[in-house]
Amino acid sequence: MRNANLATAAAMIPALILGSSQVAGQNDAAGNALTIYSTAQPGAISPAVYRNGGRGQAIPGYAVVRHERDLALNRGRNSVRFTDVAAFIDPTTVMFESLTDPAGTSVVEQNFQFDLVNQEKLLRKYLDQTVKVDQVRGQGVETFSGTLLSTVGGMILKREDGSVQLLPHNAGVTLPSLPGGLITRPTLVWDLSAQRAGSHRSRVSYQTTGITWWTDYNLTYSEGSNANACRLDIGAWVSIVNQSGASYPEAKLKLIAGDVQRARTAGRGDSSRTPAKLMAREEKDNGFAEKTFFEYHLYTLGRPTTLPDNSTKQIELFPAARRVPCEKTLVYYGLAPGYYGYGASPITDRNYGVQSNRKVDVYLGFRNAADHNMGMPLPSGRIRVSKQDPADKTLEFIGEDTIDHTPKNEKVLIKLGSAFDVVGERRQADFRIDTSRRTMGEDIEIKLRNQKKEPVTVIVKENLYRWVNWQITSKSHDFEKQDARTVHFPVRIAAGGEVTLRYSVQYTW
């Protein structure tokens, strides 16, 4: 019984405020369409974001929503209301158009009404007016009336005998009538001028936040002919989170791939560019079809799909690519974590960079090419890798990483973790400096041990960070120069063996 009259009054509001205007609601599911963009960094969305009911504020993305409806318009001026819009709509992006008579139909005014009714607002409409109150007294209910003086912190009522009574908000209130100007959900209102009377097919479009999507790649790893060779089965899914405050039944779904620039606004932070994501696929089994669109890629789902509010949906991007050749690479970077770039002057401190890291990192690489069973644009996303345990045929997780947008025919490189049976040690064997001749020398010794039952190749990565002018004067293994300060030494290590790498470098300035 508590506030039953208020609830009844609120339920009546839409019927009372519409008057003679046209009302467009969710009566035409086939007319829904949306294009979703994502501002999320690859792999940056925690499951807590779409499980905690954040209602759009924590969802890093947006969508362009389109509703098509049939409206009966009179010749001349018409008032039209749309009540099934997203709660996080950007009113400045709203567009209305008549598809039946676009030249003869124009928008005189458009408004977005979002001052939704609640108990406090409803009661404020009756300040200084007489209301009835039902209050529980023991086993019964006392009914009395009075003038409503205030609704702040409860209700203040002036009784007919002149006394003032303080009441809590949970007291039952009976209102004499329903005031106008109250709405129960966000509403778009147009003042239209139509030259043609009759049924008009109309389209309403706008942008809303609170909706996003991202890509997840699932890879299954299998061993190759040697310790550094492998094969991959690659599949991918797109996940869509809708917390925009509206549902989209049987909607046409599109996704944009590319970095779409948006003007910064207060509160948007650094999400001004949209790294949208999706993989190309032939239109097959009503899946996603890809085509170029301006400088981006547009992907259209070949069937309608329903996106309920406050929900997560997953759709397969493409059929799994089987037996993609890959290479497992072991990389040893012996320096301790930190930045080892050039300074403003030569670094003459002999103790700089002598701390050693023992971990040998594991990378998987494959070429995104047609002759490797791939050859399609790969959007940014999270890659999870599993390997089958032959004992019970179950897939066990072995690592994950993220990738940026990768065009076809480019190489994909992902880090899985650190090797258990291959370790390294790095030490400074000697250091020399002659300030009068402006020269400095350093001898580096690196030991690698392989406790596996098969030989492996390890890439030893070295930064020559003391100064821009350097020359390797002696070496025990050949190296490949990667850039102005980085060299790679490929080192082959026998099963159960150890290899020592030595090199000397001289800096001049």
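Visitor: How many bridges join strand 8 to strand 9, and which way do they run?
Guide: Four bridges join strand 8 (residues 140-150) to strand 9 (residues 155-159). The two strands run antiparallel. Keep in mind that this is a predicted model.

Visitor: Which residue in strand 9 is the bridge partner of Ser150?
Guide: Ile156.

Visitor: What sheet are these strands in, and what is the order?
Guide: An open sheet of five strands. The order is 10-9-8-7-11, and the pairing is antiparallel.

Visitor: Which strands stand at the edges?
Guide: Strand 10 (164-167) and strand 11 (172-174). Each has a single partner strand, so one side of each has no neighbour in the sheet.

Visitor: By how many degrees are neighbouring strands turned against each other?
Guide: On average by 45°, with direction ignored.

Visitor: What about strand 10 itself? Is Val164 buried or exposed?
Guide: Val164 has its place in strand 10. Val164 counts as exposed, because its relative accessibility is 52% and the cut-off for exposed is over 50%.

Visitor: Which residues make a nonpolar surface patch with Val164?
Guide: Leu149 and Leu166. Together with Val164 they make a patch of about 290 Å².

Visitor: New topic. Cysteines. How many disulfides are there?
Guide: The count comes to one disulfide. Cys230 and Cys326 form that bond, with their sulfur atoms 1.9 Å apart.

Visitor: Where do the two cysteines sit in the chain?
Guide: In distant parts of it. Cys230 is in strand 15 (residues 229-242) and Cys326 is in strand 21 (residues 311-333). They are 96 residues apart.

Visitor: Cys230 first: buried or exposed?
Guide: Buried, at 4% relative accessibility. Cys326 is buried too, with a relative accessible area of 10%. The cut-off for buried is under 20%, so both values qualify.

Visitor: What else links strand 15 and strand 21?
Guide: A salt bridge. The side chains of Asp233 and Arg322 meet at 3.6 Å, N to O. Asp233 is in strand 15 and Arg322 in strand 21, 89 residues apart.

Visitor: And how exposed are those two side chains, Asp233 and Arg322?
Guide: Asp233 is partly exposed, with a relative accessible area of 22%. Arg322 is exposed, at 52%.

Visitor: How many salt bridges does a search of the whole structure find?
Guide: It finds 21.

Visitor: Which residue forms a salt bridge with Arg384?
Guide: Glu400. The closest N and O atoms of that pair are 3.4 Å apart. Arg384 is in strand 23 and Glu400 in strand 24, 16 residues apart.

Visitor: What does Arg382 meet in a salt bridge?
Guide: Glu400 again, at 3.0 Å, N to O. Arg382 is in strand 23 (residues 381-389), and Glu400 is in strand 24 (residues 394-403). That pair is 18 residues apart.

Visitor: Is Arg382 buried or exposed?
Guide: Arg382 counts as buried, at 15% relative accessibility. Arg384 is partly exposed, with a relative accessible area of 30%. Glu400 is partly exposed as well, at 34%.

Visitor: Which residues are linked in a network of salt bridges?
Guide: Glu68, Asp70, Glu97, Arg201 and Arg203.

Visitor: Now strand 30. Which strand pairs with it over eight bridges?
Guide: Strand 27 (residues 456-463). It pairs with strand 30 (residues 486-493) in the antiparallel sense. Val460 stands opposite Phe489 in strand 30.

Visitor: And how many bridges join strand 29 to strand 30?
Guide: Three. Strand 29 (residues 480-483) and strand 30 run antiparallel. Lys481 has Val487 in strand 30 as its bridge partner.

Visitor: Last one. Where is Glu454 found?
Guide: In the loop between strand 26 (439-450) and strand 27. Glu454 counts as partly exposed, at 36% relative accessibility.

Visitor: How far apart are Glu454 and Ala494 in space?
Guide: 6.8 Å, C-alpha to C-alpha. In sequence, Glu454 and Ala494 are 40 residues apart.

Note on methods: Residues numbered from 1 in each chain as written. Predicted model: local features only at pLDDT ≥ 70, side-chain atom pairs only at ≥ 80, totals over all residues. Heavy atoms only, no water. Disulfide = S-S within 2.5 Å. Buried < 20%, exposed > 50% of the residue type's maximum accessible area, 1.4 Å probe, protein only. Pairing = 2+ DSSP bridges. Axes fitted to C-alpha atoms, helices over the stretch in contact; angles between N-to-C directions. Patch = residues over 30% accessible without salt bridge, like charges linked within 9 Å, V, L, I, M, F, W, Y side chains within 5 Å. Areas by Shrake-Rupley, 256 points an atom, 1.4 Å probe, with all protein chains shown as cover. Salt bridge = Lys/Arg side-chain N within 4 Å of Asp/Glu carboxyl O.
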